[in-house]
Amino acid sequence: MTSGVLMACHDCDLLQSIPAVPEGCAALCRRCGTVLIRNKPKSFQRPLALLLAGAILFVMFNAFPFLTFKKEGLEHQTHVVTGIRQLADQGMEALAALVAVNLLIVPGLHLLASLYVLVPVSLNRRAPGMFRVFRYLRLLQPWHMVEIFMLGVLVSLVKLAKMAQIVPGVAVYSLTAFIFVMAAASAAVDPHEVWERWEVPR
Amino acid sequence: MKKKALTARKAGLLACTVCHLLSPNGTGNCPRCGAALHSRKPDSIARSWALMIAAAILYIPANLLPMTTVTSLGMVQSDTIMSGVVYFVQSGSWPIALVIFIASIFVPLLKLFILSYLLLSVQYKSHFRPKDRTRLYLITEAVGRWSMLDIFVVTILVALVNLGALATIQAGPAALYFAAVVVLTMLAAMSFDPRLIWDAKEKMHE
């Protein structure tokens, strides 16, 4: 796909011309070794399939019960949003907002924006403002923290294991699947191939 | 490696940090993706220092104040980040203790030290191993978000242990400070421009 392009390394600013990168290969910066271009095979069908699966899982982990606390006949069922709502109720609105952004809003936007850009591209069309949306997508990435939340679930389970019985619900499994599906989707998108659709306006 | 490296800046070009398109000097926004174009991130050193110093200050209350407060049948017990780690060590789950220690105490501190070192090395125009320093920066930037772990643990505990008089867990003030530390160090790392590491090298060859 890629043919000789002039590119500056975003980590050391070295200008270099990149020859055509064969499928499955990557071009590294000659000076600092950062990956500049990675040509991934079949880069639109695969992420699209994964993103659709991700959308279903996103709805599932929000709708179904998450963890249930059981002790001596007492049962307390929670959802993924319960913790966020509880933090807000305790007067920690800022913290609740941060968790909501990292756990629900950014992953949701990530899904929508990816579909908005990639569905038309796979049909050889262009959504209005797709390059701008694709940029927002790159900027959102570090704030997408579902996998860190999952590690938090494991730590909490160990912490509460002696106190009560914690029963995982459907949301726990959907959330786990969501993490793998979204990671696979991000890994399968070749951003360079999206950027290359742009033509210099006259 | 060539002795004289041609950078985008020397060639009179601006490289977009998001989509990599090259534009001539003087272009305000990337014509392709709309990102603001700068040869180097603006005020990179000052902004990184400011965000980092703010994070370093907030790191203190984050560690001294309680992260969670457990109320169980009238008994109240507060836990800081460190006492949480100690609890796991004493109850024998040391792998979990290690995970929390690394994510909540070690990584934020390490990040503060590494970023300070990188900033100082750039300010003193160091020529020491630019490739390794670039890699150090990339690792620091990638690993920082994992410090949010403890915040998520608090969120889950607060949701699960909410049984009225029997037992409740409340988030403590440290949670807010700690979240601020993580966000600020992430922003500090994003404001740092690794290209500054290589600028010293070019000046040497001129």
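Colleague: Which domains does the domain assignment of chain B give?

Modeller: This is a predicted model. In chain B, the domain assignment places residues 43–205 in domain 2. The other part it gives, residues 1–39, is domain 1, so the assignment, which is an automatic or database one, gives domain 1 (1–39) and domain 2 (43–205).

Colleague: What separates the centres of domain 1 of chain A and domain 2 of chain A?

Modeller: Chain A is divided into domain 1, covering 1–39, and domain 2, covering 43–195. Taken over C-alpha atoms, the centres of these two domains of chain A are separated by 31 Å.

Colleague: Which element supplies the largest share of the side of chain A that touches chain B?

Modeller: The contact draws 50 residues from chain A and 51 residues from chain B. On the side of chain A, the elements that each supply at least two residues include β1 (5–8), α3 (93–122) and α5 (146–160). The largest share, 10 residues, comes from α5(A).

Colleague: How many nonpolar residues has the side of chain A that touches chain B?

Modeller: Sorted by class, this side of chain A has seven charged residues and 11 polar residues. The nonpolar residues on this side number 32.

Colleague: Which residues of α6(A) make the contact with α5(A)?

Modeller: The crossing of these two helices is left-handed. From α5(A), the contact takes A:Val146, A:Glu147, A:Met150 and A:Val153. The residues of this contact divide into seven nonpolar, one polar and one charged. From α6(A), the contact takes A:Val172, A:Leu175, A:Thr176, A:Phe178 and A:Ile179.

Colleague: How many charged residues has the contact of α3(A) with α4(A)?

Modeller: The axes of α3(A) and α4(A) come within 10 Å and cross at roughly 145°, and the crossing is left-handed. Among the residues in contact are A:Val106 and A:His110 of α3(A), and A:Met130 and A:Phe134 of α4(A). By class, the contact has 12 nonpolar and two polar residues, while the number of charged residues is none.

Colleague: Why is α1(B) described as it is relative to α3(B), and what is that description?

Modeller: In chain B, helix α1 (residues 44–64) and helix α3 (residues 94–123) pack at an angle of about 150°, with their axes 11 Å apart. An angle over 145 degrees counts as roughly antiparallel. Therefore α1(B) is, relative to α3(B), roughly antiparallel.

Colleague: How many polar residues are in the contact of α1(B) with α3(B)?

Modeller: The crossing of α1(B) and α3(B) is left-handed. Its contact includes B:Trp49 and B:Tyr59 of α1(B), together with B:Leu112 and B:Gln123 of α3(B). The residues divide into 11 nonpolar and no charged, and the polar ones number three.

Colleague: Among the elements of chain A, which has the lowest mean pLDDT?

Modeller: The mean pLDDT of chain A is 89, with 96% of its residues at 70 or more. Among the elements of chain A, α2(A) has the highest mean, 95. The lowest mean, 83, belongs to the helix of residues 191–195, α7 of chain A.

Colleague: What ipTM does the model score?

Modeller: For chain B, the mean pLDDT is 90, and 96% of its residues reach 70 or more. The model scores a pTM of 0.88 and an ipTM of 0.89.

Terms used: Residues numbered from 1 in each chain as written. Chains lettered and ligands numbered in written order. Predicted model: local features only at pLDDT ≥ 70, side-chain atom pairs only at ≥ 80, totals over all residues. Contact = placed C-beta atoms within 7 Å. Helix = DSSP H or I, 4+ residues; strand = E, 2+ residues; numbered from the N terminus. Nonpolar A, V, L, I, M, F, W, Y, C, P; charged D, E, K, R; others polar. Left-handed = near helix turned anticlockwise from the far one by under 90°. pLDDT = per-residue confidence, 0-100. Axes fitted to C-alpha atoms, helices over the stretch in contact; angles between N-to-C directions. Parallel < 35°, antiparallel > 145°, perpendicular 65-115°, else oblique.
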